[in-house]
Amino acid sequence: MFATLSDRLAETFKNLRGKGRLSESDIDATAREIRIALLEADVALPVVREFVDAVKERARGEEVSQALNPAQQVVKIVNEELVAILGGETRRLRYAKNPPTVIMLAGLQGSGKTTLAAKLALWLKEQGKQPVLVAADLQRPNAVNQLQVNGERAGVPVYAPEPGNGVGDPVEVARSSIDEARRKLYDVVIVDTAGRLGVDAEMMQQAADIRDAVSPDEILFVVDAMIGQDAVTTAQAFLDGVGYDGVVLTKLDGDARGGAALSIRGITGKPVMFASAGEKLTDFDVFHPDRMASRILDMGDVMTLIEQAEKTFDQDQALKAAEKLTTGGDFTLDDFLEQMQQVRKLGSMSKIMGMLPGMGQFRDQLENFDEREIDRIQAIIQSMTPAERANPKMIDGSRRARIAKGAGRQVSDVNSLVDRFFEARKMMQSFAKGGGMPGVPGMPGMASGGKRGRAKQAAKNKSGKGRRVSGNPAKAAAQAKAAGEKATSEGNPFGNPDGEEIDYEKAAAALDLPKDFSKYLK
């Protein structure tokens, strides 16, 4: 969503690199580019003015003029100001002292409110709560049925005493739901109200009546992040007419410019509490201003990626795979497929890679990534016999032809997969045995990883272990003979058990990454 804004800001900061100090004209030019970038992203004008003034004032101060790297200091200032306009700190739900906690949802029709109600219920369920959904939208056709279907998918009960489609009193439904929750010991009540077509006085009054009937602990305003400037107008109208405690942004995965996310907090003073970025019920999470600012500045969102991995990955499977790699056990094609399927549970590869720092420069490759590639790999692997999956080295020409026919692919696809598997296994064993990522200074397991790493390497060299082995087989044998020991893979700088250099372009391909990503693996 923030692609255009990210690209403009990245270009602006690139112009500052290499400058020993920033002149007044540099600061003015940077502020002007930031202003244009924000306006193009549909950010409200008052928010843009406040943001740019704050950045200019701080850029002229001592924190930039006395900095060793003024350009990086400006990026730091922009990041901090972005966090500030997005709300500063993460706002959590307030729960009632005496259950049930009542959460009322309000918003325009078409903002994704009914689906979001089920997403919120599922999220609460995962937090150990016992939520119930209340069908108080009796206006929109099939709204009650939609909530019931979504509730069933989320495994959450739905209180729907009225059929809807214009039949029933939504205020009475909301009021009676509290008694129902107390009777059945539900500790959170989520009230889905009717959406409005624009600022409708009659429907706004209905929302106010429901609010008065249930006295909610939290009123959440649900807004479509793709409607741009109009989101701010609507948010202010709802604040004046009904009032709310926080905002939920939906459709953050859309291709709009995303100004609503940056504007609502600045205009209404109400924090963004949750964000929804997808159609699945699991595509929902707490909104973290600092993480969103990092994404906008192409610094990635590694914390969210880690949290999603912890929720998604099967720990037992991951430990078994890691043990096979570190103890020299056979990491098979079955294990390889299991790992790919676990990664797939995190979401699309483009979404996952987009959470890593610096991926903005690869946006075109990520957008063009074919998500069906994992299906093709699965078809090829499942066309193999258990013996072939356990020992891919036995797959000769005739076997490859049979596998290709069974998977509906070409023999070249089977050849490519087998080659990629060996490269990926080689790389993963290298990472596992080395304790870190090869070539990354300061990472555990590297000779460059600080004093301890250098001391460890020096001790190895002194004892004759871990010294650099020549790539020439004759020289390597002579070195081994001179040291009185057999040449082993221990001296390989990559910790590669097969004693060969890793082809990082093949390794990148094995992980279904664009070829350009190979430089990150080196």
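Reply: Accessible areas come from the Shrake-Rupley method with a 1.4 Å probe; for residues, only the protein chains shown count as cover. Here the chain has about 25700 Å² of accessible surface, and 49% of that belongs to carbon and sulfur atoms. This is a predicted model: local features need pLDDT of at least 70, side-chain atom pairs pLDDT 80 or more, while totals for chains, interfaces and linings use all residues. Residues are numbered from 1 along each chain as its sequence is written, and side-chain values use heavy atoms, without hydrogens and water.

Me: What share of the 522 residues counts as buried?

Reply: Buried means under 20% relative accessible area, exposed over 50%, partly exposed in between (1.4 Å probe, protein chains only). The share is 46%.

Me: How many residues of H6 are buried?

Reply: Helices are DSSP runs of H or I, at least four residues; strands are runs of E, at least two; both are numbered from the N terminus. H6 covers residues 113–126. Of its 14 residues, 11 are buried, including Leu116, Leu120 and Trp123.

Me: How is a ring pair described?

Reply: By the distance of the centres and the angle of the planes. Rings of Phe, Tyr and Trp (its six-membered ring) pair if their centres lie within 6.5 Å; planes under 30 degrees apart are stacked, over 60 edge-to-face, the rest tilted. The whole structure has 7 aromatic pairs. Trp123 and Phe274 have centres 5.2 Å apart and planes at 75°, so they are edge-to-face. Trp123 sits in helix H6 and Phe274 in strand E7, 151 residues apart.

Definitions and conventions. The expected span of a helix is 1.5 Å times one less than its number of residues.
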